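Here is a short tour of one protein chain, written for someone meeting it now. Have a look at the sequence and the model, then read on.

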Amino acid sequence: MRKLILPILVLALVLVSCTDNLTDLNTDPKNPTDVPGETLFSNAQVSLGTYLTEPDVNLNTFKLMAQYWAQTTYATESRYELTTRSIPSNLWSELYRDVLKDLDKSAEIISNDESLSDAEKTNRLASIEVLKVLTYSELVNIFGDIPYSEALNPDNTQPSYEDAASIYEDLMSRLNTAISDFDASASNFREADIFYGGDVEKWQKFANSLKLRLAITLADVNNSMAQTAIEEAAPNAFESNDDNAVIPFQAFPPHANPIWEALVNSGRHDYVPSNTIIDHMNDLDDPRRPKFFTLAPDTNTYFGGTYGTTNTYSAFSHFSEDVANDDDYEVKTATLPGTILEYAEVEFILVEARERGYNVSGSAQQHYNNAIEADMKSWGVDEDDISDYLSQQSVNYQTASGTWKEKIGKQKWLSLFLQGLQGWTEWRRLDAPTLNAPPEMTLEDIPERFTYPVDEQNLNTSNYNAASEAIGGDDLQNNLFWDVN
(Lines give C-alpha, C1' and ligand atoms only; values in the text may rest on other atoms or scores of the structure.)
Protein backbone atom coordinates (compact mmCIF):
# COMPACT_ATOMS: atom_id res chain seq x y z
CA MET A 1 0.00 0.00 0.00
CA ARG A 2 1.40 3.37 -1.02
CA LYS A 3 1.12 6.20 1.45
CA LEU A 4 2.33 9.42 -0.08
CA ILE A 5 2.00 11.75 2.88
CA LEU A 6 1.97 9.68 6.03
CA PRO A 7 5.74 8.99 6.02
CA ILE A 8 6.43 12.73 6.20
CA LEU A 9 3.86 13.16 8.94
CA VAL A 10 5.24 10.27 10.93
CA LEU A 11 8.79 11.61 10.63
CA ALA A 12 7.65 14.98 11.94
CA LEU A 13 5.90 13.38 14.88
CA VAL A 14 9.00 11.37 15.72
CA LEU A 15 11.20 14.48 15.67
CA VAL A 16 8.95 16.51 17.96
CA SER A 17 8.47 13.61 20.35
CA CYS A 18 11.92 14.14 21.88
CA THR A 19 10.95 15.84 25.13
CA ASP A 20 11.60 15.76 28.84
CA ASN A 21 7.92 15.06 29.54
CA LEU A 22 7.83 11.42 30.64
CA THR A 23 4.16 11.09 29.77
CA ASP A 24 5.17 11.28 26.12
CA LEU A 25 6.69 7.82 26.50
CA ASN A 26 3.15 6.47 26.52
CA THR A 27 2.55 7.81 23.00
CA ASP A 28 3.36 5.67 19.98
CA PRO A 29 5.04 8.09 17.53
CA LYS A 30 4.52 5.67 14.63
CA ASN A 31 0.75 5.71 15.01
CA PRO A 32 -0.37 9.35 15.22
CA THR A 33 -3.76 9.87 16.81
CA ASP A 34 -4.47 13.10 14.92
CA VAL A 35 -4.20 12.87 11.14
CA PRO A 36 -5.44 15.69 8.88
CA GLY A 37 -8.50 14.96 6.80
CA GLU A 38 -6.54 15.95 3.70
CA THR A 39 -3.95 13.29 4.41
CA LEU A 40 -6.57 10.59 4.81
CA PHE A 41 -8.22 11.66 1.55
CA SER A 42 -4.90 11.50 -0.31
CA ASN A 43 -4.10 8.11 1.18
CA ALA A 44 -7.50 6.77 0.14
CA GLN A 45 -6.91 8.00 -3.42
CA VAL A 46 -3.51 6.33 -3.51
CA SER A 47 -4.85 3.07 -2.10
CA LEU A 48 -7.77 2.99 -4.52
CA GLY A 49 -5.80 4.02 -7.60
CA THR A 50 -2.94 1.69 -6.83
CA TYR A 51 -5.30 -1.19 -6.16
CA LEU A 52 -7.11 -0.74 -9.47
CA THR A 53 -3.74 -0.74 -11.26
CA GLU A 54 -2.13 -3.48 -9.18
CA PRO A 55 -1.27 -6.85 -10.85
CA ASP A 56 -0.13 -8.62 -7.66
CA VAL A 57 -1.84 -12.03 -7.61
CA ASN A 58 -2.16 -11.82 -3.83
CA LEU A 59 -4.42 -8.82 -4.16
CA ASN A 60 -5.72 -8.13 -7.67
CA THR A 61 -6.15 -10.87 -10.27
CA PHE A 62 -8.55 -9.04 -12.57
CA LYS A 63 -6.13 -8.64 -15.48
CA LEU A 64 -6.15 -12.43 -15.43
CA MET A 65 -9.93 -12.68 -14.94
CA ALA A 66 -10.47 -10.48 -17.98
CA GLN A 67 -7.89 -12.61 -19.87
CA TYR A 68 -5.65 -9.70 -20.80
CA TRP A 69 -2.67 -11.44 -19.19
CA ALA A 70 -1.49 -15.04 -18.94
CA GLN A 71 0.87 -16.58 -16.40
CA THR A 72 4.19 -18.32 -16.86
CA THR A 73 5.47 -20.33 -13.88
CA TYR A 74 2.23 -20.35 -11.89
CA ALA A 75 -1.28 -20.62 -13.30
CA THR A 76 -3.49 -21.20 -10.28
CA GLU A 77 -5.13 -17.76 -10.44
CA SER A 78 -5.83 -18.16 -14.17
CA ARG A 79 -7.63 -21.36 -13.21
CA TYR A 80 -9.74 -19.45 -10.69
CA GLU A 81 -8.20 -20.79 -7.48
CA LEU A 82 -8.68 -17.75 -5.28
CA THR A 83 -8.40 -19.06 -1.73
CA THR A 84 -4.82 -20.36 -1.82
CA ARG A 85 -3.57 -16.78 -1.61
CA SER A 86 -6.56 -15.41 0.35
CA ILE A 87 -7.28 -13.07 -2.54
CA PRO A 88 -10.88 -12.23 -1.54
CA SER A 89 -9.75 -11.44 2.01
CA ASN A 90 -6.89 -9.24 0.81
CA LEU A 91 -8.95 -7.14 -1.56
CA TRP A 92 -11.81 -6.92 0.98
CA SER A 93 -9.38 -5.44 3.52
CA GLU A 94 -7.80 -3.13 0.97
CA LEU A 95 -11.08 -1.56 -0.10
CA TYR A 96 -12.85 -1.48 3.27
CA ARG A 97 -9.92 -0.65 5.53
CA ASP A 98 -7.52 1.35 3.35
CA VAL A 99 -9.99 3.18 1.14
CA LEU A 100 -13.46 3.41 2.69
CA LYS A 101 -12.33 3.78 6.30
CA ASP A 102 -9.85 6.52 5.41
CA LEU A 103 -12.55 8.32 3.44
CA ASP A 104 -15.00 7.95 6.30
CA LYS A 105 -12.57 9.37 8.85
CA SER A 106 -11.56 12.14 6.44
CA ALA A 107 -15.20 13.18 6.10
CA GLU A 108 -15.61 13.23 9.88
CA ILE A 109 -12.56 15.46 10.38
CA ILE A 110 -13.47 17.83 7.55
CA SER A 111 -17.05 18.15 8.77
CA ASN A 112 -15.71 19.43 12.10
CA ASP A 113 -12.99 21.67 10.64
CA GLU A 114 -14.01 25.23 11.56
CA SER A 115 -11.20 26.72 9.48
CA LEU A 116 -12.95 25.76 6.23
CA SER A 117 -15.67 27.81 4.60
CA ASP A 118 -19.01 26.07 4.18
CA ALA A 119 -18.57 25.94 0.40
CA GLU A 120 -15.08 24.46 0.55
CA LYS A 121 -16.18 21.94 3.15
CA THR A 122 -19.12 20.91 0.97
CA ASN A 123 -16.87 20.44 -2.07
CA ARG A 124 -14.49 18.27 -0.08
CA LEU A 125 -17.27 16.13 1.31
CA ALA A 126 -18.73 15.74 -2.17
CA SER A 127 -15.36 14.50 -3.51
CA ILE A 128 -15.14 12.02 -0.65
CA GLU A 129 -18.65 10.83 -1.39
CA VAL A 130 -17.85 10.23 -5.07
CA LEU A 131 -14.93 7.98 -4.13
CA LYS A 132 -17.05 6.14 -1.57
CA VAL A 133 -19.67 5.47 -4.23
CA LEU A 134 -17.02 4.23 -6.65
CA THR A 135 -15.47 1.92 -4.05
CA TYR A 136 -18.74 0.43 -2.86
CA SER A 137 -19.82 -0.15 -6.45
CA GLU A 138 -16.61 -2.07 -7.10
CA LEU A 139 -17.18 -4.22 -4.01
CA VAL A 140 -20.70 -5.01 -5.19
CA ASN A 141 -19.40 -5.82 -8.68
CA ILE A 142 -16.91 -8.26 -7.17
CA PHE A 143 -18.99 -9.98 -4.49
CA GLY A 144 -22.69 -9.07 -4.80
CA ASP A 145 -24.37 -8.50 -1.42
CA ILE A 146 -21.92 -6.87 0.98
CA PRO A 147 -21.81 -5.08 4.36
CA TYR A 148 -22.87 -1.50 3.67
CA SER A 149 -24.64 0.71 6.20
CA GLU A 150 -22.98 -1.11 9.13
CA ALA A 151 -19.65 -1.66 7.40
CA LEU A 152 -17.42 1.07 8.82
CA ASN A 153 -18.41 0.98 12.49
CA PRO A 154 -15.36 -0.27 14.44
CA ASP A 155 -17.61 -1.27 17.33
CA ASN A 156 -19.58 -3.61 15.11
CA THR A 157 -17.35 -6.52 14.18
CA GLN A 158 -20.23 -8.47 12.68
CA PRO A 159 -21.94 -6.16 10.19
CA SER A 160 -24.96 -7.44 8.32
CA TYR A 161 -24.95 -7.79 4.54
CA GLU A 162 -27.35 -5.82 2.38
CA ASP A 163 -28.98 -6.54 -0.95
CA ALA A 164 -26.71 -5.53 -3.82
CA ALA A 165 -29.52 -4.03 -5.91
CA SER A 166 -30.65 -1.88 -3.00
CA ILE A 167 -27.07 -0.75 -2.42
CA TYR A 168 -26.75 0.28 -6.07
CA GLU A 169 -29.94 2.34 -5.85
CA ASP A 170 -28.67 4.07 -2.73
CA LEU A 171 -25.30 4.73 -4.37
CA MET A 172 -27.09 6.42 -7.25
CA SER A 173 -28.93 8.64 -4.77
CA ARG A 174 -25.74 9.51 -2.92
CA LEU A 175 -23.99 10.30 -6.19
CA ASN A 176 -26.82 12.61 -7.25
CA THR A 177 -26.49 14.49 -3.97
CA ALA A 178 -22.72 14.82 -4.37
CA ILE A 179 -23.11 16.14 -7.92
CA SER A 180 -25.60 18.77 -6.80
CA ASP A 181 -23.33 19.77 -3.88
CA PHE A 182 -20.30 20.69 -6.00
CA ASP A 183 -19.70 24.43 -6.30
CA ALA A 184 -17.12 25.38 -8.93
CA SER A 185 -16.81 28.88 -7.47
CA ALA A 186 -15.30 27.50 -4.25
CA SER A 187 -12.06 25.60 -3.66
CA ASN A 188 -11.71 21.90 -2.96
CA PHE A 189 -8.83 19.76 -1.66
CA ARG A 190 -6.24 21.65 -3.73
CA GLU A 191 -2.85 19.92 -3.79
CA ALA A 192 -4.07 17.13 -1.49
CA ASP A 193 -6.24 15.94 -4.37
CA ILE A 194 -4.02 13.51 -6.28
CA PHE A 195 -6.46 12.97 -9.15
CA TYR A 196 -7.42 16.52 -10.11
CA GLY A 197 -5.48 18.95 -7.94
CA GLY A 198 -8.69 20.30 -6.46
CA ASP A 199 -10.34 21.19 -9.80
CA VAL A 200 -14.05 21.17 -8.95
CA GLU A 201 -15.20 21.19 -12.58
CA LYS A 202 -13.16 18.04 -13.22
CA TRP A 203 -14.77 16.42 -10.19
CA GLN A 204 -18.20 17.31 -11.53
CA LYS A 205 -17.37 15.59 -14.82
CA PHE A 206 -15.89 12.61 -12.98
CA ALA A 207 -19.00 12.23 -10.83
CA ASN A 208 -21.30 12.40 -13.85
CA SER A 209 -19.14 9.89 -15.73
CA LEU A 210 -19.33 7.55 -12.74
CA LYS A 211 -23.11 8.04 -12.78
CA LEU A 212 -23.10 6.86 -16.40
CA ARG A 213 -21.13 3.75 -15.43
CA LEU A 214 -23.45 2.82 -12.57
CA ALA A 215 -26.53 3.54 -14.67
CA ILE A 216 -25.53 1.41 -17.66
CA THR A 217 -24.71 -1.43 -15.27
CA LEU A 218 -28.34 -1.30 -14.12
CA ALA A 219 -29.81 -1.07 -17.61
CA ASP A 220 -30.91 -4.71 -17.91
CA VAL A 221 -32.59 -4.80 -14.49
CA ASN A 222 -33.82 -1.23 -13.94
CA ASN A 223 -34.12 0.38 -17.35
CA SER A 224 -36.11 3.40 -16.20
CA MET A 225 -33.57 4.36 -13.54
CA ALA A 226 -30.72 3.80 -15.99
CA GLN A 227 -32.35 5.93 -18.69
CA THR A 228 -33.10 8.82 -16.35
CA ALA A 229 -29.60 8.80 -14.91
CA ILE A 230 -27.85 8.61 -18.27
CA GLU A 231 -29.93 11.37 -19.79
CA GLU A 232 -29.13 13.56 -16.78
CA ALA A 233 -25.41 12.79 -16.66
CA ALA A 234 -24.42 12.60 -20.33
CA PRO A 235 -24.22 16.38 -20.99
CA ASN A 236 -21.97 16.86 -17.95
CA ALA A 237 -19.59 13.89 -18.29
CA PHE A 238 -16.06 13.61 -19.71
CA GLU A 239 -15.57 15.40 -23.04
CA SER A 240 -12.01 14.34 -23.89
CA ASN A 241 -9.01 12.42 -22.58
CA ASP A 242 -8.01 15.57 -20.72
CA ASP A 243 -10.82 14.83 -18.29
CA ASN A 244 -9.74 11.26 -17.46
CA ALA A 245 -9.55 10.30 -13.79
CA VAL A 246 -6.05 8.89 -13.30
CA ILE A 247 -3.57 8.34 -10.52
CA PRO A 248 -0.08 9.65 -11.28
CA PHE A 249 2.91 7.56 -10.27
CA GLN A 250 6.53 8.45 -9.54
CA ALA A 251 9.70 7.23 -11.22
CA PHE A 252 10.89 4.95 -8.43
CA PRO A 253 9.40 2.72 -5.69
CA PRO A 254 7.54 2.82 -3.43
CA HIS A 255 5.31 5.11 -5.49
CA ALA A 256 5.99 3.76 -8.98
CA ASN A 257 3.34 2.20 -11.17
CA PRO A 258 2.77 -1.28 -9.69
CA ILE A 259 2.70 -2.81 -13.19
CA TRP A 260 6.24 -1.58 -13.73
CA GLU A 261 7.21 -2.86 -10.30
CA ALA A 262 5.83 -6.32 -11.13
CA LEU A 263 7.13 -6.60 -14.69
CA VAL A 264 10.42 -4.70 -14.50
CA ASN A 265 11.67 -3.79 -11.06
CA SER A 266 10.94 -7.21 -9.58
CA GLY A 267 13.20 -8.95 -12.08
CA ARG A 268 10.54 -11.66 -12.38
CA HIS A 269 8.93 -13.05 -15.52
CA ASP A 270 5.54 -14.06 -14.17
CA TYR A 271 3.33 -12.75 -16.98
CA VAL A 272 2.97 -12.58 -20.74
CA PRO A 273 0.11 -11.17 -22.80
CA SER A 274 -2.64 -13.75 -23.21
CA ASN A 275 -3.59 -15.43 -26.45
CA THR A 276 -7.15 -14.24 -25.81
CA ILE A 277 -6.46 -10.55 -26.34
CA ILE A 278 -3.71 -10.96 -28.91
CA ASP A 279 -5.81 -13.28 -31.09
CA HIS A 280 -8.70 -10.83 -31.05
CA MET A 281 -6.38 -7.95 -31.92
CA ASN A 282 -4.64 -9.96 -34.66
CA ASP A 283 -8.01 -10.74 -36.23
CA LEU A 284 -8.74 -7.00 -36.38
CA ASP A 285 -5.24 -5.91 -37.40
CA ASP A 286 -5.42 -3.62 -34.37
CA PRO A 287 -2.85 -0.78 -34.47
CA ARG A 288 -2.61 -0.80 -30.67
CA ARG A 289 -0.66 -4.06 -30.76
CA PRO A 290 2.82 -2.46 -30.87
CA LYS A 291 1.67 -0.08 -28.12
CA PHE A 292 0.69 -3.03 -25.94
CA PHE A 293 3.07 -5.85 -26.93
CA THR A 294 6.38 -6.81 -28.44
CA LEU A 295 6.78 -9.30 -31.26
CA ALA A 296 7.45 -12.86 -30.13
CA PRO A 297 11.17 -13.69 -30.42
CA ASP A 298 10.89 -16.79 -32.61
CA THR A 299 7.89 -16.06 -34.81
CA ASN A 300 8.23 -12.29 -35.24
CA THR A 301 4.46 -12.07 -34.79
CA TYR A 302 2.21 -11.03 -31.96
CA PHE A 303 1.83 -14.31 -30.12
CA GLY A 304 0.14 -14.64 -26.73
CA GLY A 305 0.62 -17.21 -24.00
CA THR A 306 -2.10 -19.82 -23.61
CA TYR A 307 -4.55 -18.61 -21.01
CA GLY A 308 -5.12 -20.86 -18.01
CA THR A 309 -1.84 -22.76 -18.12
CA THR A 310 1.89 -22.17 -17.64
CA ASN A 311 3.85 -20.63 -20.50
CA THR A 312 7.53 -20.45 -21.41
CA TYR A 313 8.33 -16.77 -21.05
CA SER A 314 10.82 -16.57 -23.92
CA ALA A 315 8.43 -18.10 -26.46
CA PHE A 316 5.79 -15.37 -26.48
CA SER A 317 5.22 -11.67 -26.95
CA HIS A 318 6.02 -9.51 -23.95
CA PHE A 319 4.59 -6.19 -22.84
CA SER A 320 5.78 -3.17 -24.79
CA GLU A 321 7.94 -0.31 -23.60
CA ASP A 322 4.75 1.77 -23.37
CA VAL A 323 3.41 -0.61 -20.71
CA ALA A 324 6.51 -1.89 -18.91
CA ASN A 325 9.05 -3.70 -21.04
CA ASP A 326 10.98 -6.12 -18.88
CA ASP A 327 13.54 -6.65 -21.67
CA ASP A 328 14.61 -3.04 -21.48
CA TYR A 329 14.73 -1.40 -18.06
CA GLU A 330 12.62 1.63 -18.93
CA VAL A 331 12.03 3.83 -15.92
CA LYS A 332 9.60 5.95 -17.95
CA THR A 333 6.90 3.30 -17.62
CA ALA A 334 7.18 3.57 -13.85
CA THR A 335 5.31 6.86 -14.19
CA LEU A 336 2.56 5.52 -16.48
CA PRO A 337 -0.65 6.81 -14.88
CA GLY A 338 -3.19 4.32 -13.60
CA THR A 339 -6.69 4.79 -14.98
CA ILE A 340 -9.68 5.15 -12.67
CA LEU A 341 -12.27 6.11 -15.33
CA GLU A 342 -11.73 7.45 -18.83
CA TYR A 343 -13.42 9.28 -21.67
CA ALA A 344 -13.41 6.22 -23.97
CA GLU A 345 -15.61 4.37 -21.47
CA VAL A 346 -18.04 7.28 -21.38
CA GLU A 347 -18.35 7.19 -25.17
CA PHE A 348 -18.97 3.43 -25.18
CA ILE A 349 -21.73 3.96 -22.62
CA LEU A 350 -23.32 6.52 -24.94
CA VAL A 351 -23.22 4.04 -27.84
CA GLU A 352 -25.18 1.64 -25.70
CA ALA A 353 -27.53 4.38 -24.54
CA ARG A 354 -28.42 5.17 -28.14
CA GLU A 355 -29.04 1.50 -28.88
CA ARG A 356 -31.37 1.31 -25.88
CA GLY A 357 -33.34 4.28 -27.15
CA TYR A 358 -32.23 6.80 -24.55
CA ASN A 359 -32.35 10.49 -25.38
CA VAL A 360 -28.67 11.40 -25.72
CA SER A 361 -27.14 13.51 -28.46
CA GLY A 362 -25.12 11.98 -31.29
CA SER A 363 -25.51 8.69 -33.14
CA ALA A 364 -24.34 5.27 -32.03
CA GLN A 365 -21.80 5.31 -34.88
CA GLN A 366 -20.38 8.66 -33.75
CA HIS A 367 -19.99 7.60 -30.14
CA TYR A 368 -18.49 4.25 -31.17
CA ASN A 369 -15.89 6.00 -33.33
CA ASN A 370 -15.22 8.57 -30.59
CA ALA A 371 -14.63 5.81 -28.05
CA ILE A 372 -12.14 3.87 -30.16
CA GLU A 373 -10.38 7.03 -31.30
CA ALA A 374 -10.07 8.29 -27.72
CA ASP A 375 -8.49 5.08 -26.50
CA MET A 376 -6.09 4.84 -29.43
CA LYS A 377 -5.06 8.47 -29.07
CA SER A 378 -4.32 7.88 -25.39
CA TRP A 379 -1.80 5.26 -26.52
CA GLY A 380 -0.30 7.49 -29.22
CA VAL A 381 -1.68 5.64 -32.25
CA ASP A 382 -1.30 7.59 -35.50
CA GLU A 383 -4.50 9.21 -36.79
CA ASP A 384 -4.20 7.56 -40.20
CA ASP A 385 -3.97 4.17 -38.51
CA ILE A 386 -7.05 4.99 -36.44
CA SER A 387 -8.97 5.97 -39.59
CA ASP A 388 -7.92 2.78 -41.39
CA TYR A 389 -8.98 0.69 -38.40
CA LEU A 390 -12.41 2.28 -38.16
CA SER A 391 -13.02 1.78 -41.87
CA GLN A 392 -12.42 -1.98 -41.74
CA GLN A 393 -15.54 -4.04 -42.42
CA SER A 394 -14.87 -6.08 -39.28
CA VAL A 395 -14.66 -2.90 -37.15
CA ASN A 396 -17.00 -0.36 -38.74
CA TYR A 397 -20.10 -0.12 -36.58
CA GLN A 398 -22.45 -0.56 -39.52
CA THR A 399 -20.72 -3.58 -41.04
CA ALA A 400 -19.08 -5.45 -38.14
CA SER A 401 -20.69 -8.78 -37.38
CA GLY A 402 -22.74 -9.47 -34.27
CA THR A 403 -25.36 -7.74 -32.19
CA TRP A 404 -24.82 -4.24 -30.84
CA LYS A 405 -23.86 -5.78 -27.51
CA GLU A 406 -21.22 -7.92 -29.20
CA LYS A 407 -19.81 -4.99 -31.19
CA ILE A 408 -19.66 -2.71 -28.17
CA GLY A 409 -18.50 -5.51 -25.87
CA LYS A 410 -15.48 -6.47 -27.94
CA GLN A 411 -14.23 -2.94 -28.59
CA LYS A 412 -14.91 -1.79 -25.04
CA TRP A 413 -13.07 -4.80 -23.64
CA LEU A 414 -10.06 -3.98 -25.84
CA SER A 415 -10.08 -0.36 -24.67
CA LEU A 416 -10.04 -1.46 -21.02
CA PHE A 417 -6.67 -3.19 -21.36
CA LEU A 418 -4.83 -2.70 -18.02
CA GLN A 419 -8.19 -1.99 -16.33
CA GLY A 420 -8.79 -5.59 -15.38
CA LEU A 421 -11.69 -5.19 -12.97
CA GLN A 422 -13.73 -3.08 -15.36
CA GLY A 423 -12.84 -5.33 -18.28
CA TRP A 424 -14.10 -8.38 -16.38
CA THR A 425 -17.24 -6.49 -15.35
CA GLU A 426 -18.07 -5.48 -18.91
CA TRP A 427 -17.47 -9.02 -20.18
CA ARG A 428 -19.91 -10.35 -17.60
CA ARG A 429 -22.48 -7.68 -18.42
CA LEU A 430 -22.30 -7.73 -22.24
CA ASP A 431 -21.16 -11.36 -22.73
CA ALA A 432 -18.56 -10.26 -25.24
CA PRO A 433 -15.99 -10.88 -26.53
CA THR A 434 -15.46 -14.63 -26.57
CA LEU A 435 -12.99 -15.67 -23.89
CA ASN A 436 -11.05 -18.93 -23.63
CA ALA A 437 -11.71 -21.73 -21.19
CA PRO A 438 -8.58 -22.89 -19.37
CA PRO A 439 -7.45 -26.43 -20.31
CA GLU A 440 -9.79 -29.11 -18.97
CA MET A 441 -12.33 -26.45 -18.02
CA THR A 442 -15.33 -24.89 -19.75
CA LEU A 443 -16.50 -21.33 -20.31
CA GLU A 444 -19.03 -21.89 -17.55
CA ASP A 445 -16.13 -22.14 -15.10
CA ILE A 446 -15.14 -18.50 -15.62
CA PRO A 447 -16.10 -16.67 -12.40
CA GLU A 448 -19.13 -14.40 -12.35
CA ARG A 449 -18.19 -13.15 -8.88
CA PHE A 450 -15.66 -13.75 -6.11
CA THR A 451 -16.42 -15.84 -3.06
CA TYR A 452 -16.56 -14.05 0.29
CA PRO A 453 -13.41 -13.89 2.46
CA VAL A 454 -12.74 -16.86 4.72
CA ASP A 455 -12.57 -14.44 7.65
CA GLU A 456 -16.19 -13.55 7.05
CA GLN A 457 -17.15 -17.20 7.16
CA ASN A 458 -15.30 -17.68 10.45
CA LEU A 459 -15.84 -14.36 12.25
CA ASN A 460 -19.14 -13.09 10.86
CA THR A 461 -20.74 -16.46 10.41
CA SER A 462 -24.44 -15.77 10.81
CA ASN A 463 -24.38 -12.77 8.49
CA TYR A 464 -22.19 -14.62 6.02
CA ASN A 465 -24.64 -17.54 5.97
CA ALA A 466 -27.59 -15.21 5.42
CA ALA A 467 -25.81 -13.44 2.56
CA SER A 468 -24.75 -16.71 0.99
CA GLU A 469 -28.31 -18.01 1.10
CA ALA A 470 -29.68 -14.75 -0.33
CA ILE A 471 -27.52 -14.98 -3.45
CA GLY A 472 -28.08 -18.70 -3.98
CA GLY A 473 -24.81 -19.86 -2.46
CA ASP A 474 -21.31 -18.44 -2.09
CA ASP A 475 -20.24 -19.77 -5.46
CA LEU A 476 -18.00 -18.38 -8.22
CA GLN A 477 -20.60 -19.04 -10.90
CA ASN A 478 -23.57 -17.24 -9.33
CA ASN A 479 -24.46 -14.21 -11.43
CA LEU A 480 -24.77 -10.80 -9.82
CA PHE A 481 -28.15 -9.08 -9.76
CA TRP A 482 -27.39 -6.94 -12.83
CA ASP A 483 -26.12 -9.87 -14.91
CA VAL A 484 -29.39 -11.29 -16.19
CA ASN A 485 -28.60 -12.00 -19.87
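## A cavity and its lining

Sorted by class, the residues lining the largest cavity are three nonpolar, four polar and two charged. (Ala, Val, Leu, Ile, Met, Phe, Trp, Tyr, Cys and Pro count as nonpolar, Asp, Glu, Lys and Arg as charged, and the others, Gly among them, as polar.) They are L52, E138, R213, T339, I340, Q419, G420, L421 and Q422. Helix α16 brings the largest share, three residues, and α16 and β6 (338-341) each supply at least two.

How big is the largest cavity? Its volume is about 80 Å³, and the count comes to one cavity of 30 Å³ or more. A cavity here is a set of points on a 1 Å grid over the protein atoms alone where a 1.4 Å probe fits but cannot get out, and lining residues have an atom within 4 Å of a point. Points are joined across faces, edges and corners, and the volume is the space filled by probe spheres set on them.

## About the model

This is a predicted model, where local features need pLDDT of at least 70 and side-chain atom pairs count only at pLDDT 80 or more, while totals for chains, interfaces and linings use all residues. Residues are numbered from 1 along each chain as its sequence is written, and side-chain values use heavy atoms, with hydrogens and water left out.

## Zooming in on L421

One of the lining residues, L421, sits in helix α16 (residues 420-430). Helices (H or I, at least four residues) and strands (E, at least two) are DSSP runs, numbered from the N terminus. L421 counts as buried because its relative accessibility is 5%; buried means under 20% relative accessible area (1.4 Å probe, protein chains only).

Leaving aside neighbours within four places in sequence, L421 is in contact (heavy atoms within 4.5 Å) with L52, F62, E138 and I142. L421 and L64 lie 357 residues apart in sequence, yet their C-alpha atoms are 9.4 Å apart in space.

## The nonpolar core

The largest nonpolar core has 138 residues, and W69, Y136, F206, F417 and F450 touch the most other members. Helix α5 (residues 118-143) gives the most to this core, eleven residues. Such a core is a set of buried Ala, Val, Leu, Ile, Met, Phe, Trp, Tyr and Cys residues joined through side-chain atoms within 4.5 Å. Not counting residues up to four places away in sequence, F417 touches residues including W69, F292 and W379.

## The whole chain

Overall, the chain has 18 helices and six strands, and 56% of its 485 residues count as buried.

Terms used:
Buried < 20%, exposed > 50% of the residue type's maximum accessible area, 1.4 Å probe, protein only. 1 Å grid on protein atoms, 1.4 Å probe; cavity = no way out; pocket = protein on both sides within 12 Å on 5 of 7 lines; lining within 4 Å.
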